[in-house]
Amino acid sequence: MRVLSTVRDLGLPDWLVFSGAVYQRVLNRLTGRDPDYGIKDYDVGYFDAADTSYEAEDVVIRRVAAAFDPPLRDLVEVRNQARVHLWFEGKFGEPYAPLRETAGALERFVSTTFAVGVRLEADDGLTVIAPFGLEDLFALRLRPNPIRKTNGFARTAASALARWPELTVIDG
């Protein structure tokens, strides 16, 4: 909640907290683990197509980091989803078409289980975005993204299974 409320107060455009910061906490709750077990970072995506330069993104990265005290300062990772297509293929070897909004990134995650984002609204309500639904996550089921096939699923599934052996992996 501290990450959600702090990022909300920063007023980033079209922002979400997603990835492990969301699904790993759910897995931890469902399997009786400490809430922070396995969490390496808190991924924050925002969308600003007005300036897709790294320099503009870096200003936001530094602004967000300054809003947190350690250890969160070093754990919150911020990325402008409007510029992911500029570097993704070079880093991961797969093409990545430009996005139109932050929520669109969720449809490209390796697994349906991982494709969950949340935003804390001004009225303290939570907006949950899960393009593939929440059934797989709450059923402890790990399956590949049906609309984005990637060679990375087997490796990602093995890593998740090592941390949460309760998962059922469905490949294909």
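This talk describes strand pairing, aromatic contacts and a surface patch in one protein structure. Please keep in mind throughout that the model is predicted.

I begin with strand 4, which covers residues 117-120. Gly-117 and Arg-119 point one way from this strand, while Val-118 and Leu-120 point the other way. Are these residues buried or exposed? All of them are buried.

Strand 4 has two partners to discuss. Strand 1, residues 16-18, runs antiparallel to strand 4 and is joined to it by 2 bridges. Here Val-17 stands opposite Val-118. Strand 5, residues 126-129, also pairs with strand 4 in the antiparallel sense, over 4 bridges. In that pairing, Leu-120 has Leu-126 as its bridge partner. Strands 4 and 5 form a hairpin with 5 residues between the strands, and Asp-124 in this hairpin takes a positive phi near 70°.

I turn now to the aromatic rings. How many aromatic pairs are there? The count comes to 7, and I shall present two of these pairs in detail.

Consider Phe-18 and Phe-109. Their ring centres are 5.5 Å apart and their planes stand at 85°; planes over 60 degrees apart count as edge-to-face, so this pair is edge-to-face. Phe-18 lies in strand 1, whereas Phe-109 lies in the loop between helix 5 (84-92) and strand 4, so the contact ties together parts that are 91 residues apart in sequence. Both Phe-18 and Phe-109 are buried.

Next come Tyr-23 and Phe-114. The centres of their rings are 4.2 Å apart with planes at 20°; since planes under 30 degrees apart count as stacked, this pair is stacked. Tyr-23 belongs to helix 2 (residues 20-31) and Phe-114 to the loop between helix 5 and strand 4, so this pair, too, ties together parts that are 91 residues apart in sequence. Tyr-23 and Phe-114 are both buried.

There is also one aromatic cluster formed by Trp-87, Phe-88, Phe-92 and Tyr-96. Over the face of Tyr-96 lies Arg-108, at 4.5 Å from the ring centre.

Finally, let us look at the surface. Which residues form a nonpolar patch there? They are Leu-30, Leu-126, Val-128, Leu-134 and Phe-138, with about 430 Å² of accessible area together. Phe-138 is found in helix 6, residues 135-138. Why does Phe-138 count as partly exposed? Its relative accessibility is 48%, and the partly exposed class lies between under 20% for buried and over 50% for exposed.

How values were computed. Residues are numbered from 1 along each chain as its sequence is written. This is a predicted model: local features need pLDDT of at least 70, side-chain atom pairs count only at pLDDT 80 or more; totals for chains, interfaces and linings use all residues. Side-chain values use heavy atoms; hydrogens and water are left out. Buried means under 20% relative accessible area, exposed over 50%, partly exposed in between (1.4 Å probe, protein chains only). Two strands pair if DSSP finds at least two bridges between them. Rings of Phe, Tyr and Trp (its six-membered ring) pair if their centres lie within 6.5 Å; planes under 30 degrees apart count as stacked, over 60 as edge-to-face and the rest as tilted. A charge sits over a ring if NZ of Lys or CZ of Arg is within 6 Å of the ring centre and within 35 degrees of the ring normal. Patches are made of residues with over 30% relative accessible area and no salt bridge: like charges are joined within 9 Å, nonpolar side chains (Val, Leu, Ile, Met, Phe, Trp, Tyr) within 5 Å. Accessible areas come from the Shrake-Rupley method with a 1.4 Å probe; for residues, only the protein chains shown count as cover. A salt bridge is a side-chain nitrogen of Lys or Arg within 4 Å of a carboxyl oxygen of Asp or Glu.
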